[in-house]
Structures are given as structure tokens and as C-alpha cells.
Amino acid sequence: MPLNNEAKSEMKAAFKSFDKDGSGTLTATDLAKAMNSVAGGLTEAQCTELINLADADGDKKMNVDEFMKIVEEGLALYEQQNPGADLISEEFKNFDVNGDGSIDKDELRQAMIDMGEEVNDDELEAMFNAADADGDKMISVEEFRKMCGH
């Protein structure tokens, strides 16, 4: 599944946030920590396998281009194995901790922490307000979908 430009930007931003040392690459350990919060958890061994699949330059690490390729291939495989599945709705459920059908600021903050993102109150407020299109102080699944570029 080719990603649209907004989704590509989001994936590049995600990669940058996972790249804690700013090296421009992810090790299996980096990837495992990142995937623990956003993909239901992957072991370091599974991440090593992913890196080996995507590692075009042979450095045993994943750069942003290799990351983008594996994300697109992973989404295509998911859609092939789960016809009609709504990946965005499934990910929304991971953010909606209390299961009430919306994401509040506390749930967004926790999701950012779980992804290893350190955001201050101003950054969280800006992120939340950008997603909360109708201003009801909750992010609906439709708003989440738009935020994800779909």
C-alpha cells in the first residue's frame, strides 16, 4: 500500500523519534523499543529479522528509506492477509485506553510516553488541538484517521 504524502511525513517523523541518538539509523534494540508501543510488541530477534529484510546497504541497521519500505510492505501484507480490515481503527483502540470511543489528552500523553516521545505540555496541547478538529476536547476515530493521513 503506497503511503500518501502526509502519511510519509508522519512515518519519517516517527522514525526520527525512534532514532534517539540522532544517528539516522535504527538498531534492532531501537526498533524493538519503538515497536513495543505501536505494533503490539516485537522482540529484538524479530526486529533483527525485519532489519535484515530491509537492509539494502548491509550495515545491519535501518535507515529512514529502509524503514519506509518495510512500513509500506508491512501494510500491504497486512491488507492482503486481512481483507477489509481497518488498521487505523485498530491502532485507535491502542490509544483509547478506557475504551470510550475517543482519545482525551491524558490518553494521548500516555501514548506518546509509550512510544518513547517526550512532549511538554505545550507540544501536547498543540498536537491535541491539531487533531481535535471539532474542538470537543476529544479525538474521535475520524479525527484520528485524518491525523494519520487517511
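Modeller: Happy to! Helix H6 (residues 105-114) and helix H7 (residues 121-131) pack at an angle of about 115 degrees, their axes being 11 Å apart. Helices here are DSSP runs of H or I with at least four residues, strands are E runs of at least two, and both are numbered from the N terminus. Axes are lines fitted to C-alpha atoms, for helices over the stretch in contact, and angles run from 0 to 180 degrees between N-to-C directions. This is a predicted model, where local features need pLDDT of at least 70 and side-chain atom pairs count only at pLDDT 80 or more, while totals for chains, interfaces and linings use all residues. Residues are numbered from 1 along each chain as its sequence is written, and side-chain values use heavy atoms, leaving out hydrogens and water.

Colleague: Which residues in H6 and H7 meet?

Modeller: From H6, Lys105, Leu108, Arg109 and Met112 meet Asp121, Leu124, Glu125, Met127 and Phe128 of H7. By class, that contact (heavy atoms within 4.5 Å) has five nonpolar, no polar and four charged residues. Nonpolar covers Ala, Val, Leu, Ile, Met, Phe, Trp, Tyr, Cys and Pro, charged covers Asp, Glu, Lys and Arg, and the others, Gly among them, are polar.

Colleague: Changing topic, how many helices and strands are in the chain?

Modeller: The chain has eight helices and two strands, in the order α-β-α-α-β-α-α-α-α-α along the sequence.

Colleague: And what box do the C-alpha atoms fill?

Modeller: Roughly 50 × 35 × 25 Å, taken along the principal axes.

Colleague: What share of the residues is buried?

Modeller: Buried residues (under 20% relative accessible area, with a 1.4 Å probe and protein chains only) make up 35% of the 150 in the chain.

Notes: Buried means under 20% relative accessible area, exposed over 50%, partly exposed in between (1.4 Å probe, protein chains only).
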